[in-house]
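Dear colleague,

Please find below the structure that I am handing over to you. My notes on it follow directly after.

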Amino acid sequence: GNRKKKVQSRQSSQRRPHHHHHRTTTTLSLVGNRKKKTMIAAKASSSSFTPPQEEEKTQSDDQKTFIPAHMRKTVSRITEAQMKENGVELAKASEQVQESIAGFLAFEFLRSRVKNLPTLKVLNVDPPILTAPMFLSAKECEDIERAAFGGEGNAAAPAASSSSGAGPVTRLSSMKKAELVKCCEERGLDASGTVAVLRDRLKEFNAAAGATTATTTTSGGGGGDDGGSAAANTDPFRTSNPDALVNSESKPEAMNQLLKRLNFLFPDCIEEFEPPSARKENKLWGIEVVAEAYKSAENVQPSHAAYEQHEAIERHYQVRANCTFFLNDSDDDGGGGEITFPALPGLSVAPEKGLALITFPATAASLLDPRAATGRNAYDGSNTLNAVDVLIRGATPKILTEEEAAIERKHRHEEEKERARLSAIPRSERRKMRKDEDKPKNSRKKRDTNTTNTNN
């Protein structure tokens, strides 16, 4: 009887704690679930609310995102004190400033040796505007002026074409298609084609008109009163690639020196006057020389030296740098003829004999930078302001045809398949394959020859 009582007491003691343990586990699990729910709700509320410090960090991160030059609305200017000194002379600046300017130009615009040009100055950082006083000597300016314009450098008024009553066309880069068509019709030219074709057609007409003007220009005394009245143009007169500056036989030595210095400043600049094209001949660089005799009673509206994206694709090249070399000074004490920049109010460059003005109208991606537009103030002095523009033209990226694009896609597909096949092979087998590939060829023959030699 005692044994039975002991067994019953043991069984009851074993059952009670088991039942109590089950209750405690259920209550703990309920508490744990409640804690999890409260933690999830707290996390959700904390994620929806961001403290002001984190908001400032996100805003600063957004501001640090890179914006390409052709999409920027902001500009980076030098200080007023530096502007009073006509810019920052890089030769006297610190090495860090020189390297930053050179790196910025190479990354976003055009590779330039700005550190090695003694008189180079920075007028604006972004968009970059550079000047180089005394880039040409007085004698070099006179030689180029005499070769480009004849006489003492005063250009005569553009003569009217014999086939039509209209003279050369100005401001071609800022004209729309309707205006170009009208100009072609007035001059008896074919008015069909794209904007690029019409502009090229009118440029050829201007070159022909410039040739007739050169024959009528007085060669002896261009500085007299008659020469001054003959030179009174109402619009600037521009001639693209004049023979006197492009032809190797008639080109003055001063023009050769100018191109050599320009090639030193821009290593990619090549003395090739034909338009570059990576699509056709794989020519990546070229230049265009423009002789300009400026005299205008009104301000010239702002225009771009570079082309829009669709027009650059049609031409297969883009104007990457515009270098203006002034050949004479103004005779008017009141000034005039300054080159202005609409995106940079208050900044202008006055014509000065021997001065070089360098701008970058397009980015390294061959896209037009709207901030680099230039205008010009009116000038009604006794002489014309003569200058030579050298446009550095770079080929636009090659655009594939449908057949070439299909071949390119096929090659990429095959490469992806090969990559997938290799990734499916175990790493040990891939190592063996690489070892077999690294082994020298004909190793077995070499062993056989070595054994035969030893036997002999």
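Which residues line the largest cavity? The lining consists of Pro127, Pro128, Ile129, Phe341, Leu344, Thr359, Phe360, Arg371 and Ala372.

Before going further, please note that this is a predicted model, in which local features need pLDDT of at least 70 and side-chain atom pairs count only at pLDDT 80 or more, while totals for chains, interfaces and linings use all residues. Residues are numbered from 1 along each chain as its sequence is written, and side-chain values use heavy atoms, with hydrogens and water left out.

Cavities

A cavity is a set of points, on a 1 Å grid over the protein atoms alone, where a 1.4 Å probe fits but cannot get out; its lining residues have an atom within 4 Å of a point. Grid points are joined across faces, edges and corners, and the volume is the space filled by probe spheres set on the points. There are 3 cavities of 30 Å³ or more, and the largest cavity holds about 40 Å³. Its lining comprises 7 nonpolar, 1 polar and 1 charged residues (nonpolar: Ala, Val, Leu, Ile, Met, Phe, Trp, Tyr, Cys and Pro; charged: Asp, Glu, Lys and Arg; polar: the others, Gly among them).

Helices (H or I, at least four residues) and strands (E, at least two) are DSSP runs, numbered from the N terminus. The expected span of a helix is 1.5 Å times one less than its number of residues. Helix α10, residues 253–265, reaches 19 Å between its first and last C-alpha, close to the 18 Å expected for 13 residues. Its buried residues (under 20% relative accessible area, 1.4 Å probe, protein chains only) are Ala254, Met255, Leu258, Leu259, Leu262 and Leu265. These fall within an arc of 140 degrees seen down the axis of α10, so they line one face of the helix (the arc is that of the directions from the helix axis to the C-beta atoms). They pack against α5, α9, β6, β8, β11 and β13 (contact means heavy atoms within 4.5 Å).

In α5, the buried residues are Glu140, Cys141, Ile144, Glu145 and Phe149. They cover an arc of only 130 degrees around the axis, which puts them on the same side of α5. Their packing partners are α9, α10, β6, β8 and β13. Gly150, with a positive phi near 80 degrees, follows α5.

Asn322

Asn322 lies in strand β8 and counts as buried at 13% relative accessibility. Among the residues that Asn322 touches are Leu357, Thr359 and Asp389, not counting residues up to four places away in sequence.

Yours sincerely

Key: On a 1 Å grid over the protein atoms alone, a cavity is a set of points where a 1.4 Å probe fits but cannot get out, and a pocket is an open set with protein on both sides within 12 Å along at least five of seven lines; lining residues have an atom within 4 Å of a point. Buried means under 20% relative accessible area, exposed over 50%, partly exposed in between (1.4 Å probe, protein chains only).
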